[in-house]
Amino acid sequence: AELKHGRVAMLAIIGFLGQPSWRFPGFEGAPDGVRALTEAPGSTGFACLFLLVGFFELRILADLEEENEPGNFGDPFKMIKTQSGGYDERWRNLELNNGRLAMVGAIGTITANWYTGLDAYQQWQAAKPATIAFIKTT
């Protein structure tokens, strides 16, 4: 489960960074961040996405991970050059560690967005003066 949650968090971080710049067709007027879940058309789009992902999780991805631990789909595109020809313990640990960091980052970004209403870039810009002041005093 940790591997799957890490992958979702890594995709969420990419979404947070891309959200101010691009939108899906039909969702140009949707609000940013967490507010998109509470107002149409963002809430409708999220419900459709939730159902689509649930279908893939229960019907399609379950077949791909047969005879492997949960979340291990191997390297279906053969992009990793390792001695084992694919997804080995080293790559799994790298993915787990990056996923753990992404989970912390996603939780922080969601919480800050809910509290301030700022997107990820605006949060960093707002934190810049406090960070510089902290560095100068330490």
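Where does Gly33 lie relative to helix H1 and H2? Gly33 sits in the loop between helix H1 (2-18) and H2. Some notes on the rest follow.

1. Ground rules. This is a predicted model, so to speak of local features a pLDDT of at least 70 is needed, side-chain atom pairs count only at pLDDT 80 or more, and totals for chains, interfaces and linings use all residues. Residues are numbered from 1 along each chain as its sequence is written, and side-chain values use heavy atoms, with hydrogens and water left out.

2. Overall layout. The protein chain has four helices and zero strands, and reading along the sequence gives the pattern α-α-α-α. Helices here are DSSP runs (H or I, at least four residues), strands are E runs of at least two, and both are numbered from the N terminus. Of the 138 residues, 21% count as buried. On the burial scale, buried means under 20% relative accessible area, exposed means over 50%, and partly exposed is in between (1.4 Å probe, protein chains only).

3. Contacts and surface. A contact means heavy atoms within 4.5 Å. Among contacts between residues at least 6 apart in sequence, 53% join residues at least 24 apart. The accessible surface of the protein chain is about 10300 Å², and 67% of that belongs to carbon and sulfur atoms. These areas come from the Shrake-Rupley method with a 1.4 Å probe; for residues, only the protein chains shown count as cover.

4. Gly33 and Gln19 are 14 residues apart in sequence and 7.9 Å apart in space, C-alpha to C-alpha. Leaving aside neighbours within four places in sequence, Gly33 is in contact with Gln19 and Asn113. Pro41 is also found in the loop between H1 and H2. The peptide bond from Ala40 to Pro41 is cis, with omega near 5°. As background, most peptide bonds are trans. I'd have a look at that one on screen.

5. Asn113. This residue is in helix H3 (residues 89-116) and counts as buried, at 10% relative accessibility. Not counting residues up to four places away in sequence, Asn113 touches Gly33, Val34, Leu118, Asp119 and Gln123.

6. Gln123. Is Gln123 buried or exposed? Gln123 is buried, with a relative accessible area of 16%, and its place is in helix H4 (residues 120-137). With neighbours within four places set aside, Gln123 is in contact with Thr109, Ala112, Asn113, Thr116 and Leu118.

7. The core. The largest nonpolar core has five residues: Ala9, Phe16, Ala102, Ala106 and Ala120. A nonpolar core is a set of buried Ala, Val, Leu, Ile, Met, Phe, Trp, Tyr and Cys residues joined through side-chain atoms within 4.5 Å. Ala120 touches Phe16, Leu17 and Thr109, not counting residues up to four places away in sequence.

8. Salt bridges. The rule is a side-chain nitrogen of Lys or Arg within 4 Å of a carboxyl oxygen of Asp or Glu, and the count comes to five salt bridges. One of them joins the side chains of Lys4 and Glu57 (2.7 Å, N to O). That pair links distant parts of the chain, with Lys4 in helix H1 and Glu57 in helix H2, 53 residues apart. Lys4 is partly exposed at 25% relative accessibility, and Glu57 is partly exposed at 32%. Asp32 forms a salt bridge with Arg23, the closest N and O atoms being 2.3 Å apart. The side chains of Glu39 and Arg35 also meet in a salt bridge (3.5 Å, N to O).

9. A nonpolar surface patch. Leu37, Phe46, Leu49, Phe50, Leu51, Leu52, Val53, Phe55, Phe56 and Ile60 form a nonpolar patch on the surface, with about 1000 Å² of accessible area together. Patches are made of residues with over 30% relative accessible area and no salt bridge; like charges are joined within 9 Å and nonpolar side chains (Val, Leu, Ile, Met, Phe, Trp, Tyr) within 5 Å. Phe55 is found in helix H2 (residues 42-64) and is partly exposed, with a relative accessible area of 45%.
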